[in-house]
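Please read the following note with the sequence and the model side by side. It is arranged as numbered points.

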Amino acid sequence: MTQPPAAEPLLEVRDLRTHFSLRGSFGQRLVGRESGSVKAVDGVSFELRRGEVLGLVGESGSGKTTLGRTVLGLAEPTSGSIRFEGQELVGRRERELRPLRKRMQMVFQDPHASLNPAMDLLTAVGHPLIVHGVVKRVRDTVPMVTNALETVGLSPVEQFLPKYPGDLSGGQKQRAMLARAIIMNPDLLVADEPVSMLDMSVRAKILELMLELKSEFELTYLYITHDLATAKFFCDTIAIMYLGRIVEYGPTETIFRDPKHPYTVALLGAVPDPDSSEGLPTDPPRGEVPDAAEPPLGCSFHPRCPRAFERCGWDSRDLKDRLEARWAGMPESQFERERAVIGDIEALESPSQAAIIPAGKGHSGSEVSALLDEMRKADPAEPTWSGIESTSVEPGGLRVRFRPPVEPRLGSRDGVDVACLLYGESEPPGQDRLDSDRSV
Amino acid sequence: MAMPSVEEPTANTRPAGPAPVRARRFRTLHRMFAPFAEARGMPRFVVWAGVAITTFFIVLALFSPAIAPYDFDQYRTADGVRFAKQEAPSSAHPFGTNVMSTDVLSRVIFGARTAIEVVVLSIFVSMAIGLPLGLMSGYFGGKLDRILLVFMDALIAFPSLLFAIVIAFLLSDTFGRGVTTAALAISVVYIPQYFRVVRNHVISIREEAYVEAARAIGARPRTVIRRYVFQNVVQNVPVIATLNAADAILTLAALGFLGYGIQPTEAAEWGYDIQRAISDAGAGIWWTGLFPGCAIVLLVTGLTLLGEGLNDVINPVLRRRRIIPVRFPPLRRNGNADE
Ligand SMILES: Nc1ncnc2c1ncn2[C@@H]1O[C@H](COP(=O)(O)OP(=O)(O)OP(=O)(O)O)[C@@H](O)[C@H]1O
Ligand code: SF4
Ligand SMILES: [Mg+2]
């Protein structure tokens, strides 16, 4: 095989998208109900040079596993490009990808589920050799399996060979998975939260083992985790993912020293800092990860972003959240009064840039407007208000127009790439960056 | 290969290597039977009662020529003396004789042979068709799955006995009216059941991480199905097979009773014998119907016990191991409450 020039990355991913359609069951399709798609990976680009460890960090549901699976061809990409040593993988059939599987391996999140319960370790760990035709019979895999198990520290090997996954601990299973992953001497190893399901005591050992394997087998890692602490220990480069996109991407050291994206800052805040006097995590990002099927408009982090401002993509759902948050901490009688002013609040649930807040029975749009003004007075710092362009009273309620959303794109800044409007984004023409006058 | 092991001589690993390999087949069996040894209480009793009864009938079937005093269609002694018709149980005929002057005991014993033959053959055929279809349908899904599912559901919706009669009728031209026809007719009835159970199980297994892990190492679908999916589906097969066997005995008897089963000249068959004994019952001749009837009930009970017992023993969700009570040391009240 011709060696690619050193400059060429081992893996190059460009604008990769993996969407899962949410078409539901056969019955639902019969009645024509299609509820869109989950954009699990939505326009991700990165490069992985030989010997590099790239950490993919994000909360649950940010699409890390899906990205890893897509890179290995286990999930079908919707669009984009994946180049492995310059070969395009997107659009190839599984049959054509199979030979490449020798060179890219994956370690899965849950060691308890990723080994076949009906297969002993010898067969399981040696199976890649048989699958790729290196040897014919299970018996012939013994020397290589023995070696691999020794490498990952499962010894005495003779005792482990005949064991079934049910007889092993989580750490041992993950070691077995690593043995199986390295037995074909791959170039790329995708490690999907390899330690998240393990006991604290075992985690460090597995991570050390992975570092040893890296130098021994000259591996390149795509290390997936939700845990910045292990990423700091393990990775050269870090990509922070949020709802299917990379929001910050750069050298580990730079990101930890000077996090740019508010999400990264929030995540770092959630990492227990050994130097701080309290030793307790500070504020984790507020709120929950939104539904990936209907992500927020504009910057998808804006509902949780402490620094969000008027152009981050506010819509009717944010208004609903504000109302609900206000009512949650309110005495019963006052709640009843305010609730009555507004009609069906679920009308705000479908994202809209020009939504009508329906007035309740016997109430008018101007009452709704008054309520909104009151809310704004109660919490003038809340950025949602700045996202409202104009309001107008209509017969059925109050129409609220929001500013057009701007999607932040990944742009380079001080050695890292960051996708946040705070860090300069070419502005859509005709938009004033500063506070424009509000006609509320 | 860059694994250093390739350079090492194989002899180096000999002492450790082949031993576990040789033992593997045995250990697989051992693993399969381990749950039986571990089972306690009711499931244990149920399984062993089922095993005992079923074994009894299998022995009868295997050695019926040796065990039975006469042949199944023998109506006279070797010397040519005709047996009495509908003779009450006696020392010469412990279960009496029937309207055809044949020995009831012998017919019951040879009936076991027929029943087991038909059941084994039909299970084999319906598994040979139902399992692969279920595996493929469940694993690949899509159009194939939907078509097969609709087709199999239609088969299940059809009254099974009626269905078996139609098939038996259609096949009788080609295969005559012996064991083969009856077995094939019955197997068609059970194919959809294997299909459904296997397919549904495969669909749940397909989502398991180890199946994806198998794809990740580059296994082709055939290998994934055989080594990763089937190996985990197969545990359920003995349960379905024994339960279906019990049902198949009844279907076979019903076919015989209705006159669409095995020809009396081909083999002894309990259902047919019961049908011939109907008129006897009114005349106080109880032995011609009672003994084949008991045989059916006993064998069906045995197979059902075996199947249900297997289900309890193999299915880990239902499996109850002995629970060892845990005793906590008494709490000390005046301990530090904050710790
Ligand atoms: N096969 C699938 N079909 C439909 N939706 C899917 C599928 N796989 C993942 N998703 C959705 O895609 C989104 C991203 O999922 P993914 O498993 O990639 O997240 P993750 O970052 O790995 O999370 P975690 O940390 O919990 O593992 C989720 O909203 C999930 O529900
Ligand atoms: S663009 Fe930046 S400031 Fe705006 S919501 Fe997103 S992360 Fe926050
Ligand atoms: Mg995941």
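The points below treat the basis of the model, strand pairing and the ligand site.

1. This is a predicted model, in which local features need pLDDT of at least 70 and side-chain atom pairs count only at pLDDT 80 or more, while totals for chains, interfaces and linings use all residues. Residues are numbered from 1 along each chain as its sequence is written, chains are lettered from A and ligands numbered from 1 in the order in which they are written, and side-chain values use heavy atoms, with hydrogens and water left out.

2. In chain A, strand S1 (residues 11–21) pairs with strand S2 (residues 37–48) in the antiparallel sense over nine bridges. Strands (E, at least two residues) and helices (H or I, at least four) are DSSP runs, numbered from the N terminus; two strands pair if DSSP finds at least two bridges between them. Within this pairing, A:Thr18 has A:Val41 in S2(A) as its bridge partner.

3. S1(A) also pairs with strand S4 (residues 79–84) of chain A, in the antiparallel sense and over five bridges. Here A:Glu12 has A:Arg83 as its bridge partner.

4. Ligand 1 is surrounded by 14 residues, the closest being A:Ser60, A:Gly61, A:Lys64, A:Thr65 and A:Thr66. A residue is near a molecule if one of its heavy atoms lies within 4 Å of it. Helix H2 (64–71) of chain A supplies the largest share of this shell, three residues.

5. An oxygen atom of ligand 1 is 2.5 Å from an N or O atom in the side chain of A:Ser60. For the side chain of A:Glu193, the corresponding distance from an oxygen atom of ligand 1 to an N or O atom is 3.0 Å.

Note on methods:
Polar contact = N/O pair within 3.5 Å; in protein donor to acceptor, adjacent residues only side chain to side chain.
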